[in-house]
Amino acid sequence: MKFYQATKEYLVWKKARKIASPTYIQNLSNLKQFAIFMRNCDLNQVKENDVLSYFTLLQNEMDIENNSIIPKSAALRGLFKYWNERVPDCLNYEFIPIPKKEPKFPHL
């Protein structure tokens with residue numbers, strides 16, 4: 001199954017469990033971005049190294065902060081947790097790191 005198709009099925013399942021609309025939209029956006037990065041490969045082709053490469057690209061080349069990577073990581077973990085129960089050769093969601101939240105000073 002292609003990654004984006006797996007994403008759509010996962011989000012239909014999440015929406016049936018009353019996921020909040022903003023969370024749904026954010027998860028859809030984050031998972032679409034990863035699907036583009038992976039060129040919409042098959043779900044079972046995604047490896048731990050691909051996820052780490054994606055996060056490295058975001059941090060080092062796109063200057064994305066850890067706090068902005070946390071929702072992307074959480075979306076990927078949720079997707080793979082869902083598919084781990086259904087597809088045996090899928091990436092284990094526990095291999096997807098969640099960066100530590102960095103404290104920010106409030107803007108005055």
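Predicted model: local features only at pLDDT ≥ 70, side-chain atom pairs only at ≥ 80, totals over all residues.
Biologist: At what angle do α1 and α4 pack?
Modeller: Helix α1 covers residues 3-16 and helix α4 covers residues 66-84. Their axes lie 10 Å apart. The two helices are roughly perpendicular, since that class runs from 65 to 115 degrees. The packing angle is about 85°.

Biologist: Which residues of α1 meet α4?
Modeller: On the α4 side, the contact uses Ala75, Leu76, Gly78, Leu79, Phe80, Tyr82 and Trp83. By class, the contact of α1 with α4 has 10 nonpolar, two polar and one charged residues. The α1 side consists of Phe3, Ala6, Thr7, Glu9, Tyr10 and Trp13.

Biologist: Which residues touch the most other members of the largest nonpolar core?
Modeller: This core holds 26 residues. The elements giving it two or more residues are α1, α2 (21-37), α3 (48-61) and α4. The members with the most contacts to other members are Phe3, Val46, Leu76 and Phe80.

Biologist: Is Phe34 buried or exposed?
Modeller: Not counting residues up to four places away in sequence, Phe34 touches Phe3, Val46, Asp50, Val51, Tyr54 and Leu76. Its relative accessibility is 0%, and buried means under 20%, so Phe34 counts as buried.

Biologist: Which residues does Leu31 touch, not counting those up to four places away in sequence?
Modeller: At 0% relative accessibility, Leu31 counts as buried. Its C-alpha atom is 17 Å from that of Glu94, 63 residues away along the chain. The residues Leu31 touches are Phe3, Thr7, Tyr10, Ala75, Leu76 and Leu79.

Biologist: What does Thr7 touch, with residues up to four places away in sequence not counted?
Modeller: Thr7 lies in helix α1. Thr7 is buried, with a relative accessible area of 0%. Its contacts are Leu31 and Leu79.

Biologist: How far does α2 reach from its first C-alpha to its last?
Modeller: Helix α2 has 17 residues. At 1.5 Å a residue, 24 Å is expected. The helix comes close to that, with a reach of 24 Å.

Biologist: Against which helices do the buried residues of α2 pack?
Modeller: The buried residues of α2 are Asn27, Leu28, Asn30, Leu31, Phe34 and Ala35. Residues three or four places apart in an α-helix point the same way, because there are 3.6 residues a turn. The buried residues of α2 pack against α1, α3 and α4.

Biologist: How far apart are the end C-alpha atoms of α4?
Modeller: Helix α4 has 19 residues. At 1.5 Å a residue, these should span 27 Å. The model agrees, with the end C-alpha atoms 26 Å apart.

Biologist: Where does Lys18 lie, and what is its phi?
Modeller: Most residues other than glycine have a negative phi. Lys18 has a positive one. Lys18 sits in the loop between α1 and α2 and counts as exposed, at 74% relative accessibility. Its phi is near 65°.

Biologist: What phi does Arg39 take?
Modeller: Arg39 is found in the loop between α2 and α3. Arg39 is exposed, with a relative accessible area of 75%. From Trp83, 44 residues away in sequence, Arg39 is 19 Å apart, C-alpha to C-alpha. Just after α2, Arg39 takes a positive phi of about 55°.

Biologist: Is Asp63 buried or exposed?
Modeller: Asp63 lies in the loop between α3 and α4. Asp63 is not a glycine, yet has a positive phi of about 55°. Its relative accessible area is 63%, and the cut-off is over 50%, so Asp63 is exposed.

Note on methods. Residues numbered from 1 in each chain as written. Heavy atoms only, no water. Axes fitted to C-alpha atoms, helices over the stretch in contact; angles between N-to-C directions. Helix = DSSP H or I, 4+ residues; strand = E, 2+ residues; numbered from the N terminus. Parallel < 35°, antiparallel > 145°, perpendicular 65-115°, else oblique. Contact = heavy atoms within 4.5 Å. Nonpolar A, V, L, I, M, F, W, Y, C, P; charged D, E, K, R; others polar. Core = buried A, V, L, I, M, F, W, Y, C linked by side-chain atoms within 4.5 Å. Buried < 20%, exposed > 50% of the residue type's maximum accessible area, 1.4 Å probe, protein only. Expected span 1.5 Å × (residues − 1).
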